[in-house]
Structure formats: structure tokens, C-alpha cells
Amino acid sequence: MFAIRIDVRITHNAGAAELSNERDSVLHSWCVQADWQAPTIVGGHGARLRAADGREYLDMSSLAECSNLGHQHPAVVAAIRDQAERLCFVTSAWGAQPRADLAEALLEKSGFENGRVFFTLGGADANEHALKFARQASGRPRGRVIARERSYHGASYFCMALSGDSRTQHQADPRHWGVCHVPPPYAYRCPWNSDNDEECGRKAVAAVEQCIDELGADAVAAVMMEVNAGTNGIVAPDNYWPGLREVTRARNVYLIADEVMSGFGRCGEWFAWQRYGEAGKPDLMTLAKGLTGGHLPLGAVVLSSAVAARLEHEMLYTGLTYCGHPLSCAAGLAAVRAYEDEKLIERSRRLGARMFAELQSLQQRHPLIGDVRGGHGLFAVVELVSDRQARTPLAPWPQTPPALSALVRQAMSENVSFAVRGNLILLAPPLVIDERDLADALALLDRLLGEMEAA
């Protein structure tokens, strides 16, 4: 589930070996096809990608915020190889040990005792299935769903309806899909003109509460929200998620945590909602990306015991040929063990705090930086402005300012890949990134921002 457009067009002596015929044969997502041009990647290690021309690029976005374990993690690659030699595929009509083992590991890490796991191919179909289950378990097969503006849940039609994303609004009518949108908890540009984070969070929760009450709680099946990291660049105030949990629980409405980007250490916890303890525990959560560290496609819906119990004796009218694919589940299980054995959740928390502190220092030096947010793990957002006092964006959302695109190209020419969207720089390096590499990348960003201001 990837929604960042990264302009990686660079100018250098590109040999014929660098570009494959993919340029003329593949449809690429989130870009104008005639504009697509990128190095062909042939390998990687740690936080680095290796191109066909021999150049290496430091990955400061974990590609699509999915390569949390870095590239070609040895333990995950070995697990895939071992599983392929024993059993590549069997449908979910049959049992498969890696599927069972991974489900148990996810239930244990999430604290969803006696819950269940439904495996999908990625984040979008995980989100769709979570809502199917919420509607069935609630007894509201056409129950309304509340999501928020400036959110992203995938690019299938239902997920485009769920997403408050300006790029896809013309493709899917939320009302047709039973979706209602509420304003986001965007404290830097608060929809209620509040200059206080806590107040903005409280009013954002009140908007959800009002929406449920106006629709009638008996007509609402679920509230689905991103917990923290996402390509929309919004990091909610601390009181937002616990407030959502309180409001939905009081009205008997399921709360679904979209953890596709924020899970598996990205925000300093196994799952971002865990920062709030039991007070933030959702009824369902969706996973993908970091679930295998991007090594193989896999998504999941994790259901609490209460939701699972309601489905236990009912026919589940859904399915995917490849749900719980043994190879992918073996990769997922190896990934979970790697996060645990290498203490990467704790490492993300520690390095994330250091990265955030350095970005705050950059904010003091560069008038271009209007806001820095995140910092709970190795995820942070830098929002650029032309006037810090007035908070004037460099370009209207979601346009990317030409100067920021130029910064990305310059960084690529110096072998560092940054992700941007609109006026935002989204920093989400692999959790295994070398500390020296992280420091060097931030120093490069410091210099390039200075050059951008001078120009």
C-alpha cells in the first residue's frame, strides 16, 4: 500500500546495463508512464540498494515503508529458501505449519489472546477484509464505516472510497461504499483552527463521536484509522487514539487500526497502538509491509477474541487463492523472529529519538522547515513552508514543489534516496540502518536544505 511519488530521475552516464526494457513494458504505479525512469536494482544489503551499474543507494524510506529489516535480510532469505525446498504452496483449505506458527506469533505479540488471524496478499485487501469481518461480526452487513480525510488505505475501489486521498477521490464515491469521512487530527494545520495539539486531538475525536451519533450507532459497523506512520504526513496528538477507543467502545462500534505502515517497529512498538497500552487496544488491526519486511507479499487481519467469537459458527463468505501462502508465512515468521532476536523494536525507539532530535536542530537552522513530527520510532515528517510564521506551504497540497524534487534528484546523485510527497519529506529508514549512515544522510539533508534556501 504505497502512496509516495518519489522522483528518482537523475543525470549521469547511464550504461545500457543499468536500464532494463521495463521502461517500455511495465505499467508503474503512482506516476505518469512517460516520465518513469529509474535505476534497475539488482541487489541490496542492510539499508543499501545496489543498482545494475554498481552504484549503491542509501534507502531513507525503507522503499515503501516496508523494508523495515533492510534488504536481503539473511535470516528471512534462508527461511524462504528452506520453505521452498519443503512446500511452496497449499491453499488454506489445507493446513500449513508456517501459517499456524505465524498466526500464533502475531496473536502473542499483539496480546490478542484467543483471537484469530486472516492472511491476505497485502495491505489493501487486509483493509477490505477487516471491514467485511467487522460488518459480519456486528450484524450490520451494510453498516457504515467512518474514516478520515487525508488518509490512505489502498488503491482498490473500496480502499479508495475509504481513503481521504485527493488523488483518488474522483475514482470512488465514498457514499456508494457506505463510507463517511471526518476531518483529520492535523495539529499543525488544525481543521478547527486550534493552536494547541491536545485541543485539536480532542476536537478530532469529537468529530468522530458526532458522526457516529448523527448516523446512529446501530448503523455504524466500524471506525478505521491509521494509528501513526503514513504517507499523508499526519501524526496525531497523543490524546487522539485513546479518545477514539473510548468513543467507539462506548457506542459498541468496532475500532480498526490500520497498522500497515506503522507496525513492526516503525513507530517504536510492535504495533503503534501499543504505545497507549490497553487503553488503545483496537478490535481489529491490519498488517502488511513490515510483516515480511517486504521480502514477499503478505498482509493480515488480526481479530480480537470477541470479534473472532462472533464469526466462529458462521460461514465466512470470502477467500483468496493465496491467503496464508506458506512461502510468505515462512518469511513473516522469520521476520518476526529477526525483530525480536536483534532487538529492532527497541533500536527503532532509540535511533528514532536521536533522528528526531537532529531534525529539530535542523528546524532551528532552516526557516524552510515549518514543522517536524513523529519521532516515536524511525519515522518522522518534515513539513516545508515558504513562511514559517504564516505556515504558508511551498506548494498547494498535494503538489510537490519543483525545488523539493530537485533536492531529491541531488540526493540521488549523491547516492541517498529520500521520499517526498507534497511539501513533506518522509523519513523512514530500515531499522537496521548503520548509525553512521543515518547521521550522514541527515547531514546531507541539512546541506541540501541550505542550498535550497540559498537558491
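What follows is a conversation about confidence, aromatic rings and charged side chains.

Modeller: This is a predicted model, in which local features need pLDDT of at least 70, side-chain atom pairs count only at pLDDT 80 or more, and totals for chains, interfaces and linings use all residues. Residues are numbered from 1 along each chain as its sequence is written, and side-chain values use heavy atoms, with hydrogens and water left out.

Biologist: Over which residues does pLDDT stay under 50, and what is the mean pLDDT of the chain?

Modeller: pLDDT is the predictor's confidence in each residue, from 0 to 100. It stays under 50 over residues 1-18, for which the model has 57 contacts beyond four places in sequence, a contact being heavy atoms within 4.5 Å. For the chain, 96% of residues reach 70 or more, and the mean pLDDT is 94.

Biologist: How are the rings of phenylalanine 112 and tryptophan 273 arranged, stacked, tilted or edge-to-face?

Modeller: Rings of Phe, Tyr and Trp (its six-membered ring) pair if their centres lie within 6.5 Å, and planes under 30 degrees apart count as stacked, over 60 as edge-to-face and the rest as tilted. A search of the whole structure finds nine such aromatic pairs. In this one the centres are 6.1 Å apart and the planes of phenylalanine 112 and tryptophan 273 stand at 50 degrees, so the pair is tilted.

Biologist: How many residues apart are phenylalanine 112 and tryptophan 273?

Modeller: Both residues are buried, that is, under 20% relative accessible area, where exposed is over 50% and partly exposed lies in between (1.4 Å probe, protein chains only). Helices (H or I, at least four residues) and strands (E, at least two) are DSSP runs, numbered from the N terminus. Phenylalanine 112 is in the loop between α4 (97-110) and β4 (116-120), and tryptophan 273 is in the loop between β8 (254-258) and β9 (284-287), so that the pair links distant parts of the chain, 161 residues apart.

Biologist: Which kind of pair do phenylalanine 264 and tryptophan 270 form?

Modeller: Phenylalanine 264 counts as buried at 1% relative accessibility, and tryptophan 270 counts as buried at 14%. Ring pairs link Phe264, Trp270, Phe271 and Tyr339 into a cluster. Because the planes of phenylalanine 264 and tryptophan 270 are at 80 degrees, with the centres 6.5 Å apart, the pair is edge-to-face.

Biologist: Which side chain lies over the face of tryptophan 397?

Modeller: A charge sits over a ring if NZ of Lys or CZ of Arg is within 6 Å of the ring centre and within 35 degrees of the ring normal. Over the face of tryptophan 30, at 4.0 Å from the ring centre, lies arginine 167. Over tryptophan 397, at 3.6 Å from the ring centre, lies arginine 150.

Biologist: Which residue forms a salt bridge with glutamate 435?

Modeller: A salt bridge is a side-chain nitrogen of Lys or Arg within 4 Å of a carboxyl oxygen of Asp or Glu, and the count comes to 27. Glutamate 435 is in helix α13 (residues 435-454) and its partner is in helix α11 (residues 344-365), 81 residues apart. Glutamate 435 is partly exposed, with a relative accessible area of 33%. At 2.4 Å, N to O, the partner is arginine 354.

Biologist: How far apart are the closest N and O atoms of aspartate 371 and arginine 373?

Modeller: Both aspartate 371 and arginine 373 are buried. Their salt bridge has its closest N and O atoms at a distance of 2.7 Å.
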